[in-house]
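Visitor: Could we go through this model residue by residue? Please show it first.

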Amino acid sequence: MNFKRKLLIAALPVAFCLAGLAQAATTLKIAEIHPAGYPTVVAMENLGKKLEEATNGEITYRMFSGGVLGSEKEVIEQTQIGAVQLTRVSLGSVGPVVPDTNVFNMPFVFRDVEHMRKVIDGEIGQEILDKITDSEFNMVGLAWMDGGSRSIYTKKPVRRIEDLKGMKIRVMGNPLFIDTLNAMGANGIAMDTGEIFSALQTGVVDGAENNPPTLLEHNHYQSAKYYTQTHHLILPEPLMMSKTTWEQLTPEQQELVKKFAKEAQLEERQLWDEKSAASVEKLKAAGVEFIEVDTKPFYDATAPVREKYGAPYAELIQRIEAVK
Ligand code: GTR
């Protein structure tokens, strides 16, 4: 055996040991579009802390909130290649990547938030997470977070569906949402979350649609003072891990991730309810008018969207409706 080869063999245990160490210290880079203190951020930080503790530091985490790692679309791409290890995004952003998830992205597919929660807590919720995991997109769907319901906010009041005519309303980059706003008579315009604030200020758009915590925390209420209660979208938000990372974990570590992710689902829900109620109060105090509308005209106007996108999920939609 030549000297080099001997040296190599002698060095092998050291190399294995180093590889072992490298594997032992997995750091989860967690990306979030929302700022520090937001329910989803807090729930993921607590998940990270639990993992650190339960694995004696074999798994650690670093939270990158406030969109510092990019838009949701960019974060999904980074998760797919394993540059981001864990993230929570809107299902709206996942739809264009894993089309099977779009069933939950359809307007008025859930009766209300309670209905959505029952569905995601049950077998259908798990099935849609599995669609993410089983797709070719290298992500693992772990749990759901709550984003309440989305309504339309504008710079000029919308008191009837007719008032929306021709208004440019920002939506997430998913054709389903453009069609939804167009069906209501508006002009759906797709852009990233981080662009909305200045688009509203400069008049590139006349409004957007989202839940009260986002309207507040992303400062959109500074330009959009009218919040029309359409509740047209109720989007659960998946917590996803990069499959590249997932496959590097031991089976025991995977079990811990699953367990704590499910706990995060319930923890975030409670934080969400508190945050939503507090946001409504703050928005009202800041002069935002909450406009109650009859939602039926919005429901009726979007029937063609449900028809167009719902066809492949006809059976699933019946099962969703059957959840009481
Ligand atoms: C929020 C959601 C974010 C993001 C944002 C948006 O409600 O939590 O993930 O999707 O809406 O509309 O861009």
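Guide: One term is needed at the outset: a residue is buried if its relative accessible area is under 20%, exposed if it is over 50%, and partly exposed in between, with a 1.4 Å probe and protein chains only. The model is predicted, so local features need pLDDT of at least 70 and side-chain atom pairs count only at pLDDT 80 or more, while totals for chains, interfaces and linings use all residues. Residues are numbered from 1 along each chain as its sequence is written, and side-chain values use heavy atoms, with hydrogens and water left out.

Visitor: Is Thr 55 buried or exposed, then?

Guide: Thr 55 counts as buried because its relative accessible area is 5%. Its place is in the loop between helix H2 (39–54) and strand E2 (59–64). Helices (H or I, at least four residues) and strands (E, at least two) are DSSP runs, numbered from the N terminus.

Visitor: What does the side chain of Thr 55 have a polar atom close to?

Guide: A polar atom of the Thr 55 side chain lies 3.0 Å from the backbone nitrogen of Ile 59. Leaving out residues up to four places away in sequence, Thr 55 also touches Gln 253 and Leu 256; contact here means heavy atoms within 4.5 Å.

Visitor: Turning to the ligand, where does it sit?

Guide: The ligand sits in the largest cavity. On a 1 Å grid over the protein atoms alone, a cavity is a set of points where a 1.4 Å probe fits but cannot get out. A molecule sits in one if more than half of its atoms lie within 2 Å of its grid points.

Visitor: Which residues surround the ligand?

Guide: They are His 34, Glu 72, Arg 88, Ser 90, Arg 150, Arg 170, Met 172, Thr 193, Asn 210, Asn 211, Thr 214 and Glu 237. The criterion is that one of a residue's heavy atoms lies within 4 Å of the molecule.

Visitor: And how far is an oxygen atom of the ligand from the side chain of His 34?

Guide: An N or O atom in the His 34 side chain is 2.7 Å from a ligand oxygen. For Thr 193, a polar side-chain atom lies 2.7 Å from an oxygen atom of the ligand. With Ser 90, a backbone N or O atom is 3.4 Å from a ligand oxygen. The protein buries 99% of the 320 Å² that the ligand exposes when taken alone; these areas come from the Shrake-Rupley method with a 1.4 Å probe, and for residues only the protein chains shown count as cover.

Visitor: Thr 214 was on that list. What polar contacts does its side chain make?

Guide: The Thr 214 side chain makes a polar contact of 3.4 Å with the side chain of Asn 210, and one of 2.7 Å with that of Asn 211. A polar contact is a pair of N or O atoms within 3.5 Å; within protein, one must be able to donate a hydrogen and the other to accept it, and residues adjacent in sequence count only if both atoms are side-chain atoms. Thr 214 belongs to helix H9 (residues 212–217) and is buried, at a relative accessible area of 3%. Not counting residues up to four places away in sequence, Thr 214 touches His 34, Tyr 38, Asn 219 and His 220.

Visitor: A change of topic: what is phi of Phe 108?

Guide: Phi of Phe 108 is near 60°, a positive value in a residue other than glycine. Phe 108 lies in the loop between helix H4 (91–94) and helix H5 (113–121), and it is buried, with a relative accessible area of 16%. His 231 also has a positive phi, near 50°. His 231 is in strand E9 (residues 226–233) and counts as partly exposed because its relative accessibility is 35%.

Visitor: What about Ile 234, buried or exposed?

Guide: Ile 234 counts as buried, at 6% relative accessibility. It lies in the loop between E9 and strand E10 (237–242). Beyond four places in sequence, Ile 234 touches Phe 104, Phe 110, Asp 112, Val 113, Met 116, Gly 148 and Ser 149.

Visitor: Lastly, where is Ile 128?

Guide: Ile 128 lies in helix H6 (residues 123–134) and is buried, with a relative accessible area of 0%. Among its contacts outside four places in sequence are Phe 104, Trp 144 and Leu 316.

Definitions and conventions. On a 1 Å grid over the protein atoms alone, a cavity is a set of points where a 1.4 Å probe fits but cannot get out, and a pocket is an open set with protein on both sides within 12 Å along at least five of seven lines; lining residues have an atom within 4 Å of a point.
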